[in-house]
Amino acid sequence: MVNEIDKSISFDGRDIRLKIGLLAPQAGGSVLIESGETSVLVTATRASAREGIDFLPLLVDYEERLYAAGRIPGGYLRREGRPPERATLISRLIDRPLRPLFPGWLRDDIQVVATTMSMDERVPPDVLAVTGASLATLLAKIPFNGPMAAVRVGLIGDDFIINPTYAEVEAGDLDLVVAGSPDGVIMVEAGANQLPEQDVIEAIDFGYEVVRDLIQAQRDLLAELGIEIVREEPPAVDPTLENFITERATAPVKQILAQFELTKPERDEKLDEIKAEIVGAIAELSEEDPIRLASSANPKALSNTYKDVTKKLMRRQIVEDGVRVDGRKLDQVRPISCRTRVLPSRVHGSGLFQRGLTQVLSIATLGTPGDAQDMDDLHPDDEKRYLHHYNFPPFSVGETRPMRSPGRREVGHGALAERALVPVLPPREEFPYVIRVVSEVLSSNGSTSMGSVCGSTLALMDAGVPILKPVSGAAMGLIKEQEEVRILTDIQGIEDFLGDMDFKVAGTDQGITALQMDMKINGLPIEVVADAINQARPARMHILEKMLEAIDKPRTELSPYAPRLLTIKIDPEFIGLIIGPGGKTIKGITEQTGAKIDIEDDGTVTISAVDGGKAKQARGIIEGMTRKLSAGDVYAGRVVRIIPIGAFVEFLPGKEGMIHISQLADYRVGKVEDEVAVGDEVIVKVREIDSRGRVNLTRLGIHPDEAAAARDAIAK
């Protein structure tokens with residue numbers, strides 16, 4: 001048994017509690033991290049390296065248990081199944097600041113599992129899980145360049161708030177997560193309501209100050225336990241093979257990187273040829289040669305060393321010469337082309353965005369309120385009315401692989417593009433459609449997520465969605481060599497692969513709506529982060545200008561194949577009447593008109609149909625059924641059936657009343673059929689509504705003006 005140790009830190013009256021020694025004693029390291037009544041158990045476990053692995057096999061899983069909120073899962077099995085989308089995003093949120101802090105040479109299997117055990121629906125568990133992952137890793141005595149921690153920053157009015165509640169995030173203009181190490185900021189994830197760059201920079205700086213306190217708290221806890229942070233030395237490597245490859249690769253690779261006119265496929269082909277020549281040179285050596293023996297002992301050493309040579313030469317060219325592999329200046333954007341209405345009008349809206357070799361086709365679809373996505377997770381929001389899905393097929397990079405369900409990368413990129421566009425969507429009251437945008441990456445050479453943002457803006461405007469402002473995005477990169485730092489605008493694939501940072505910034509001409517920063521080094525000073533944010537703005541404005549040349553505002557007409565929505569408000573007491581026993585009434589209206597009807601608990605009824613006339617017909621029926629009648633109201637109706645004592649008249653859609661035989665005429669009527677027949681149009685007045693809600697009608701005492709007004713109402 002391990003002694004239980006608790007440590008608390010307070011920020012603006014909000015505590016974070018770190019508890020170790022209580023749970024999961026066989027995990028490499030474990031911590032229960034709490035705030036309010038939200039508790040997250042985070043464990044880290046290390047296993048021996050597997051044969052043939054030349055990368056860090058880090059696996060991060062975030063698990064949600066619905067018992068944490070006092071709920072039982074739905075479905076037949078009544079247990080949690082595949083992780084919901086938000087759980088996948090939180091797994092990525094933990095992974096992204098954690099991964100770069102492991103030594104580059106580490107090859108052991110490492111698994112971090114964060115499980116939300118309790119949740120009070122006020123305190124989000126995600127940033128707690130990130131900080132807990134750092135402490136669990138250190139407790140497991142895994143080599144790690146930490147500690148690391150994360151906090152959320154909200155903005156209410158002019159005030160920043162640390163770790164705001166869900167309600168405060170919803171009410172504010174910023175939802176920013178900043179993670180940092182002792183060396184600086186290492187990850188940023190944010191959604192914002194078109195905030196100026198300076199406000200976002202100040203929020204990151206504000207959050208990092210608190211991150212430092214959380215880092216110190218972890219150090220104090222480790223010192224209390226007598227645990228030192230593990231700093232293992234990398235395994236010794238025989239430099240013979242590395243020197244052989246470096247000598248033969250440096251000159252030809254440097255020459256290729258200086259040929260700015262080469263396309264990506266041409267450059268890749270020439271680099272592969274040089275690598276093949278080195279492989280051939282090694283094969284010509286005697287079997288006892290140390291270089292050949294070293295290559296045979298470690299088959300992946302050649303590829304890794306060749307990649308390192310290419311990386312060093314490309315980075316040196318940027319730092320020393322200020323020139324990139326395609327000849328662009330550091331702040332220059334690749335050529336851009338934009339088009340709308342790429343697909344037929346059966347598709348509600350489409351936009352094609354291309355920047356260099358990155359090409360994204362986004363398709364917008366307008367749906368009814370019933371198409372909203374139900375969210376079965378721990379987040380308080382139970383529904384999404386804007387859905388963004390991102391697809392990355394293998395042909396987009398000229399490769400082949402099995403096509404399966406979306407992975408974490410696809411989910412993450414789709415969520416980033418979704419977050420970038422949500423702040424500019426019209427209010428539900430003005431545009432009640434559920435919107436789905438699918439971004440198909442058709443060609444990839446860096447920054448496909450920002451290409452999705454741009455393509456989706458084009459598609460939304462093409463579909464006639466009255467967005468508040470168009471959104472564009474750019475991906476920024478960074479090369480850091482000792483004290484030399486170079487920020488790159490609009491990075492392409494090789495710069496992302498061989499660089500130190502991928503910083504995506506999206507927004508309008510007014511301000512930022514989303515950003516996401518990932519590092520491959522141990523952290524950056526806030527000043528460098530600020531420079532990257534500020535350098536992104538002219539790039540975004542340039543891209544936005546090109547987009548507006550293709551379509552400068554949302555179309556005023558929807559696709560003829562998009563549903564037409566009509567919204568009315570009824571008294572909630574009539575909801576049961578419209579639905580009917582077993583849904584019989586609402587199904588009947590749907591069958592009669594062909595319209596789809598969605599009813600909310602507050603009495604909002606949304607009627608949809610591709611044919612606007614059918615939607616109006618359904619609206620008329622519902623309005624008739626829910627209209628509150630008064631004695632003396634006059635209507636034009638139609639006789640629907642006859643009984644010996646009177647006739648039934650449908651005087652409003654779905655609403656019937658009876659004219660007693662004594663009320664058919666101002667004289668004695670022998671038989672009902674002598675006065676009216678089924679199908680006859682008649683003018684009737686509401687005589688009374690009895691205690692059971694039955695409507696009694698009369699044809700007596702109707703003024704000619706009232707009769708004319710009733711006929712006019714029917715004509716309209």
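# A tour of charged side chains

Start by selecting E261, which sits in the loop between helix 5 (239-257) and helix 6 (264-283). Keep in mind as you click around that this is a predicted model. Is E261 buried or exposed? Its relative accessible area is 61%, and exposed means over 50%, so E261 counts as exposed.

**Next stop: salt bridges**

How many salt bridges are there in this model? The count comes to 42. Let's visit a few of them.

Select E168 and R14 and show their side chains. They meet in a salt bridge, with N to O at 2.8 Å. Where do the two partners come from? E168 belongs to helix 3 (residues 166-171) and R14 to strand 2 (residues 14-20), so this pair ties together parts that are 154 residues apart in sequence.

**Helix to helix**

Move on to R537 and E197. These two also form a salt bridge, and their closest N and O atoms are 3.6 Å apart. R537 lies in helix 12 (residues 526-550) while E197 lies in helix 4 (residues 197-225), so the bridge links parts that are 340 residues apart in sequence. Which of these side chains belongs to a buried residue? That would be E197, with a relative accessible area of 8%; buried means under 20%, so E197 falls in that class. R537, on the other hand, is partly exposed at 27%.

**Strand to strand**

Now pick E681 and R638. Their side chains meet in a salt bridge of 3.2 Å, N to O. This time you are looking at two strands: E681 is in strand 28 (residues 681-689) and R638 in strand 25 (residues 634-643), so the pair joins parts that are 43 residues apart in sequence. E681 is exposed, with a relative accessible area of 64%, whereas R638 is partly exposed at 41%.

**Last stop: a network**

Finish by selecting R96, D126, R152, D175, E189, R419 and D518 together. What joins these residues into one network? Salt bridges that share partners do.

Conventions:
Residues are numbered from 1 along each chain as its sequence is written. This is a predicted model: local features need pLDDT of at least 70, side-chain atom pairs count only at pLDDT 80 or more; totals for chains, interfaces and linings use all residues. Side-chain values use heavy atoms; hydrogens and water are left out. Helices (H or I, at least four residues) and strands (E, at least two) are DSSP runs, numbered from the N terminus. Buried means under 20% relative accessible area, exposed over 50%, partly exposed in between (1.4 Å probe, protein chains only). A salt bridge is a side-chain nitrogen of Lys or Arg within 4 Å of a carboxyl oxygen of Asp or Glu.
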